[in-house]
Amino acid sequence: MVAKRLTKFSATVLALTALLAVDGAVQLPSAAAMKKSSKAPVQVSFWYGLGGQLGNDVQSMVARFNATHPGIHVTATYQGSYSGGGPEQQKLLAAIRAGDAPDVAQMEVHSMPVFAAAGRLLPLTHLMAASKSDKPGDFLTGMLVSTQYKGVYYGVPFNRSVPVLFYNKSMFAKAHIASPPATWAQVMVDAKKLTHGSGHSKVYGFEPLVDWWPWEASVWSGGGHILSKNLSQAQFATPAATRIISMEQTLLKQGYAVVQTGPQYWTETTQAFIHGQVAMDIDSIGDSGEVAKGVGKSFQWGTAMFPADVMRAVPPGGGDAVILAGTPAAQQKAAWTFIQWWTAAPQTIHWSEMTGYVPVQKSVLNIPSYKAYLHAHPQFATALAELKFQHAAPPSPQYLSVLQYVQNALQGVFDLRQPVASTMQNAAKQADSQLSGN
Amino acid sequence: MIIKNRLLLHNALAGWLFILPGLAALTLFVFIPAGYVVFLSLLRWNLIDVNAQFVGLGNYSHLFASQSFQQALSNTLILGVGQIVILLPLGLLLAVLLDMGLRGTRIYRTVMFGPYVLPLVASGLVWTLLYNPGFGLINQVLGWAHISGPDWLGSSGFALLAVLIMTVWQYLGYYMLIFLGGLQNVSAVLKEAAAIDGANDRQTFWHVTLPALSPSLFFALIICTIQAFQTFDQVYVMTGGGPDGATTTLVYYIFDEGFQMYNIGTASAASMVLLVLLALLTWLQVRLGRRWVVEE
């Protein structure tokens, strides 16, 4: 009997040792922490919207937090994609309405105004001001453009990205092009040089991403505006605002560019680059992990900043962490501890290296190990350099609706080759109707 | 007299008692939510704003002036007519063939019914791959015949057709089975009588079998109409309503307005239009059905 018990004990010890060995990063709580945790930990519910491997990465980060913070237990639940209007947001809408919202949620950067304007998010300005690590000045320049509404901070950068230009270095070398294009005028020239072959084996010089996210960059870079200053009118159909998408459409019509259609357009855009079907494409820096894995040693590739035109401007991408209004005080405190832990240098670096999203704190740039990482992975240096060119999207609670009209129009322009001016004017008319409430 | 009235009252009470559980469930899950949707359709609201703005019939007038709504309505009608025109005759033809007692009938029946058992989302994913312009099987097969296949899901001319083809594939087995059940219920005596009277096979089919099958046809017509008007899953998976609204159906429009754009009022108004439209169509079919449905 004793032997059996001992065997059971040994098995338990072995299992625990194995568990700890699997994740070397897990830290055992200190004795003091154990003592403190004699009370039941504060339970924090956290909704996120990253599936697949990224979802596993979120869970591993949360497990690390829970292991090192015995007084708090964060329960992270995947709720479907966090994209603007995605399943996580739909559930958030329903949960808020039902009075059963989570304490913390990942929020797509363009969706903040809808929830902030309705008073459903906890203002974080005072917490950030008092924070040791999450003061507004602690974040990389440009990182906070999406986290405020009417001068008040409601979010903290969580999983952030920017659109960049991916280019196939091997094809550039073959075409005797020394460097990636810095401007749209150069994209037009290079795309022609890089296009070769025919039929199924044709390689296109350029591949725009048919999505409103890089479209925002194209409006600003061309010198245009998306909405009027008072947010009551769409201004994205002006010649300046449509300059770059007109250039992209020209490349498409001339056979120097290709676009991916259908609901999987984004994945297929990334895949076309990975498979060497295009020499350049616009994609999220967050997809660089997938590109690196997919390309392997097939060819040399790199990233460059989203090309400039009249000016250089990119939208923020990804998500921020928010605390929901109505969260009890104890949970608020615990949630804020969790957010600060997530954005602190060791974690933001670990998260960035694990996923491909950019780190969010300035302090990472002075850490030698991260400097070495950037040297080995120069694609992230491009993204970091681009962060300061982030522009805030128009902070209108109606903005998600406007983007739906824009997305349809972009499909018209790129998938169906409709005239740019009239298509965008039509979308602007629909957006105006939405903004004015008629 | 008093005793008779009491008895009637008792019977009526018993009747109400029997339907009470069903009625309670319907009230809770259908009537109250439907009433709430009517109320929501009069508001401009995103569900989370503290103040909802009462706009009366503003959402309805916005709907009828909206280009996207008109496109969604037209797409839904095209899908509806397409499904009725293709699914019902084809389902009937297959049912007649299977009813002949040919060899391998059971296998064919199972194979034809197979797609209906699959979840629409799974079928949608498979068909998205089949339709892929780069590596999809359909364009590869067309390529063998030196036909350059279109970008099925990425072009406005083919996307709705592609959704229709997939829907027909999904539901054909279901209608075939409804008709097969109907055919197997057609009285052999009637057919024999027609044969004795000298009717040939074609005459027997048109004048005996088809009228006897009319209740099944009527049921299939109503279900097919409702199914077409509720088209959502395959659009969500295969096209996301695109390109440029080319495959947006009424239900997808409701989803888009409500949960992508947070226009809960407009989405609710569109839901009411869908309800009224379906009720009208079903009423019309029932009225017309009385003329041609032969109930035994």
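**Two chains, their interface and the spaces within**

Chain A and chain B bury about 2,800 Å² between them, and 50% of that area is on carbon and sulfur atoms. This is a predicted model, and every value below was computed from it. The size of an interface is often given as the accessible area lost when the parts come together. Seen as residues, the contact takes 35 from chain A and 33 from chain B.

What kinds of pairs cross this interface? The rule finds ten residue pairs in polar contact between chain A and chain B, both residues being at pLDDT 80 or more. Salt bridges across the interface of chain A and chain B number zero. On the side of chain A that touches chain B, four helices each supply at least two residues: H4 (87-97), H5 (112-117), H17 (399-415) and H18 (420-436). H17(A) gives the most to this side, with nine residues. Sorted by class, the side of chain A that touches chain B has 19 polar, twelve nonpolar and four charged residues.

By class, the lining of the second largest pocket has 19 polar, 15 nonpolar and five charged residues.

Rolling a probe the size of a water molecule over the atoms shows where empty space is left. A search of the whole structure finds two cavities of 30 Å³ or more. The largest cavity holds about 80 Å³ of space. Its lining is made of 13 residues, and those nearest its centre are A:Leu209, A:Pro214, A:Trp215, A:Ile245 and A:Glu248. Helices H9 (212-221), H10 (239-253) and H17 of chain A are the elements that give two or more residues to this lining. H9(A) contributes the largest share, three residues. What classes of residue make up the lining of the largest cavity? Ten are nonpolar, one is polar and two are charged.

The second largest cavity has a volume of about 40 Å³. It is lined by A:Val210, A:Gln260, A:Thr261, A:Gly262, A:Tyr265, A:Gln407, A:Gln411 and A:Asp415. H17(A) gives the most to this lining, with three residues. An α-helix has 3.6 residues a turn, so residues three or four places apart point the same way. The lining of the second largest cavity has two nonpolar, five polar and one charged residues.

Side chains of opposite charge can pair when their charged atoms come close. How many salt bridges does the rule count over all chains? The count comes to two. A:Arg160 forms a salt bridge with A:Asp320, with the closest N and O atoms 2.9 Å apart. This pair links distant parts of the chain, as A:Arg160 is in strand S6 (residues 155-161) and A:Asp320 is in strand S10 (residues 317-323) of chain A, 160 residues apart.

The last details concern the backbone. Most residues other than glycine have a negative phi, and most peptide bonds are trans. A:Leu231 has a positive phi, near 65 degrees, and is not a glycine. This residue, A:Leu231, lies in the loop between H9 and H10 of chain A. In chain B, a cis peptide bond joins B:Gly242 and B:Pro243, with omega about -5 degrees. B:Pro243 is found in the loop between helix H10 (233-238) and helix H11 (250-260) of chain B.

Helix H8 (residues 188-196) of chain B has a feature at its start, where a side-chain oxygen of B:Ser187 reaches to within 3.2 Å of the backbone nitrogen of B:Val189. Just after H8(B), B:Gly198 takes a positive phi of about 95 degrees.

How values were computed. Residues are numbered from 1 along each chain as its sequence is written. Chains are lettered from A and ligands numbered from 1 in the order in which they are written. This is a predicted model: local features need pLDDT of at least 70, side-chain atom pairs count only at pLDDT 80 or more; totals for chains, interfaces and linings use all residues. Side-chain values use heavy atoms; hydrogens and water are left out. Contact means heavy atoms within 4.5 Å. Buried area is the accessible area (1.4 Å probe) that two parts lose on being put together, summed over both. A salt bridge is a side-chain nitrogen of Lys or Arg within 4 Å of a carboxyl oxygen of Asp or Glu. A polar contact is a pair of N or O atoms within 3.5 Å; within protein, one must be able to donate a hydrogen and the other to accept it, and residues adjacent in sequence count only if both atoms are side-chain atoms. Ala, Val, Leu, Ile, Met, Phe, Trp, Tyr, Cys and Pro count as nonpolar, Asp, Glu, Lys and Arg as charged, and the others, Gly among them, as polar. On a 1 Å grid over the protein atoms alone, a cavity is a set of points where a 1.4 Å probe fits but cannot get out, and a pocket is an open set with protein on both sides within 12 Å along at least five of seven lines; lining residues have an atom within 4 Å of a point. Grid points are joined across faces, edges and corners, and a volume is the space filled by probe spheres set on the points.
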